[in-house]
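Have a look at the sequence and the 3D view, and then we can go through some of the parts.

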Amino acid sequence: MSALDPNSVIAVVGAGAMGGGVAQVAAAAGHPVRLYDQADGAARAAIDRIDQGLDKLVQRGRISAEEQQALVGRIQPVERLEAIGDAALVIEAIVEDLNIKQRLFRELETLCPKAILASNTSSLSITAIGSALERPQRLLGMHFFNPAPIMKLVEIISGLASDPALAETLFDTATAWGKLAVHARSTPGFIVNRVARPYYAEALRLLQEGAADAATLDAIYRDGGGFRMGPFELMDLIGQDVNYAVTESVHHAYYGDPRFTPSLIQKALVDAGWLGRKSGRGFYDYREGADNPAPAEQPPCAPPREVTVIGTETQIAPWKALLESSGLAFQVLSGEHLSILCDGFTLRPSDGHMATVRAHRDNIRDLVLYDLCLDLENTARITLCAADQASPRALEQATGLLQALGKRVTVIDDVPGMVVLRTVAMLANEGADAVNQGVCDAAAVDTAMQAGVNYPLGPLAWADRIGLRPLLKVLKHLQKTYGEDRYRPSPLLLRKVAAGEGFHD
Ligand code: NAI
């Protein structure tokens, strides 16, 4: 372990939302902390906010009043930057502006001769910030997530010139502070802000293509995908302007790669000033007395008379368990591809093609597809879509079957890859590309997405669970349907499939 000694001084520059949180984290780990902000009284105000936040923890019995007092007492507001000269580590959390950050670090380089210099930037290049320094090897990124005392993840970012030994020190220090640290190379969006883009982008596309409304899509992501928040409510929380700006900056930084193309729907919200919770209106209406639509859900339908499940043993297992506990009569046949046949209709898992195209190709008129679930057996909601050729009865019958298995059923329009499957495929593809391009390793992708944005599973672990061959098929089908480079599979995914390996083998 090369973590900094808890007695060493940590300086935090910038006492806004992030700086205050980072100061609290360092003080909670026992460090003496110096907090500086150029705005008069801002550092003192941040310490008061920390103290008020800790009041709640004391009331809940999570810490004692003595611990609160000791923690707050370790954070010293300083009026002048010269007062942080003894710091072993300076963490900068000022305005997101390259020139201003470079100017500050140039000053810090002389003022704090022994310190490791770290920026909490979420979008600027560590290499670019460091280029202004005499000794750019001292500069790294230490990217905390908001709110810093609660969110576990810290991305440790190395620029081109950063000293690898210092990256280890920051990694070990963040770990000693109770955080989950991951290493990443300084590339646009680092890990989280890059790999998370498809969560918003695919959802926005689904909305644009009329798959379902925002409330319905959010419910599908939550109940079917196991995500803590749906993308639309999350974008409303983050702020449409902030989320749009991140997408635009990543898109620009990757020279217009269509994987990161921003959404016109989101642009319209930004233009309208419908920024989400903070402005009272976004995808949802937060004004007093506002009436937001409930997620679409199928009315009760009759259960089927006969059910046949065809597939491999693994494919059949969750269906068998569900059918057994439902008391419905069913039979099981072995076959290569999973199909559930009931009273004349066929239910199959989505594979990235539209139901209508598959129905035509396979000559099955009454074809209904279901979306990927995090855990089919225990999921609360299953999402269906039907081929255009299917009779209306087919959807009613499929609904009746799933309701008899204890599920709520939501029907969406026939879109390729449906909702969760398509999004998870794109998240995993983006994670794979980050690994392929040497940004980080596969374990870091999964840790970052679980600890940084609360995903129920890391995208690469999820890909391993689905199987990389079927996942590759989904991407190829999406690519074929849209004819867009956006859905091109990562070379690493192609390679893993060819080698018969998983991401975590
Ligand atoms: P903020 O606006 O809440 O706070 C910035 C603070 O820095 C203000 O108090 C301001 O007075 C001070 N400041 C500005 N220029 C200064 C200078 N030259 N010297 C000293 N103090 C200066 O901003 P926030 O949200 O805390 O963000 C700070 C940094 O953290 C940015 O680089 C941002 O990209 C990054 N970040 C923000 C996250 C968020 O969710 N807000 C998450 C992760 C990183």
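Where is P147 found? P147 sits in the loop between strand 6 and strand 7. Keep in mind as you read on that this is a predicted model.

For background, most peptide bonds are trans, and most residues other than glycine have a negative phi.

Now for phi. Y255 is not a glycine, yet its phi is positive, at about 55 degrees. You'll find Y255 in the loop between helix 11 and helix 12, and it counts as exposed because its relative accessibility is 79%. M418 is not a glycine either and has a positive phi of about 50 degrees. M418 belongs to the loop between strand 15 (408-411) and helix 16 (420-436). Is M418 buried or exposed? With 0% relative accessibility, M418 counts as buried.

Next, find the open sheet of 8 strands: the order is 3-2-1-4-5-6-7-8, and the pairing is mixed. Which strands stand at the edges? They are strand 3 (75-78) and strand 8 (180-185); each has a single partner strand, so one side of each is left without a neighbour in the sheet. Going from one strand to the next, the twist averages 25 degrees.

Let's zoom in on the strand 8 end. Strand 7 (residues 153-158) and strand 8 run parallel and are joined by 6 bridges. There, I156 stands opposite H183 of strand 8.

Helix 17 (residues 442-453) lies across strand 7 and strand 8. How does helix 17 run relative to strand 8, and at what angle? Helix 17 runs at about 125 degrees to strand 8.

Helix 8 (residues 197-208) and helix 10 (residues 231-238) pack with their axes 9 Å apart, at an angle of about 115 degrees. Their crossing is left-handed. On the helix 8 side, the contact is made by Y199, Y200, A203, L204 and L207, while helix 10 brings P231, F232, L234, M235 and I238. What classes of residue does this contact have? The contact of helix 8 with helix 10 has 10 nonpolar residues, no polar ones and no charged ones.

The hairpin of strand 11 and strand 12 has 2 residues between the strands, and D343 takes a positive phi near 40 degrees in it.

T356 lies in helix 14 (residues 355-362) and counts as buried because its relative accessibility is 18%, where the cut-off for buried is under 20%. Leaving out residues up to four places away in sequence, T356 touches A387, D388, Q389 and D414.

S249 is in helix 11 (residues 240-253) and counts as partly exposed, at 31% relative accessibility. Along the chain, S249 and G178 are 71 residues apart, and their C-alpha atoms are separated by 31 Å. P300 lies in the loop between helix 12 (264-272) and strand 9 (307-311), and its 78% relative accessibility makes it exposed. P300 and E109 are 191 residues apart in sequence and 68 Å apart in space, C-alpha to C-alpha.

## Cysteines

How many disulfides does a search of the whole structure find? The search finds 0 disulfides. In general, a disulfide is a covalent bond between the sulfur atoms of two cysteines. As for individual cysteines, C112 counts as buried at 0% relative accessibility, and C440 is buried with a relative accessible area of 10%.

Technical notes
Residues are numbered from 1 along each chain as its sequence is written. This is a predicted model: local features need pLDDT of at least 70, side-chain atom pairs count only at pLDDT 80 or more; totals for chains, interfaces and linings use all residues. Side-chain values use heavy atoms; hydrogens and water are left out. Helices (H or I, at least four residues) and strands (E, at least two) are DSSP runs, numbered from the N terminus. Buried means under 20% relative accessible area, exposed over 50%, partly exposed in between (1.4 Å probe, protein chains only). A disulfide is a pair of cysteine sulfur atoms within 2.5 Å. Axes are lines fitted to C-alpha atoms, for helices over the stretch in contact, and angles run from 0 to 180 degrees between N-to-C directions. A crossing is left-handed if the near helix is turned anticlockwise from the far one by less than a right angle, and right-handed if clockwise. Contact means heavy atoms within 4.5 Å. Ala, Val, Leu, Ile, Met, Phe, Trp, Tyr, Cys and Pro count as nonpolar, Asp, Glu, Lys and Arg as charged, and the others, Gly among them, as polar. Two strands pair if DSSP finds at least two bridges between them.
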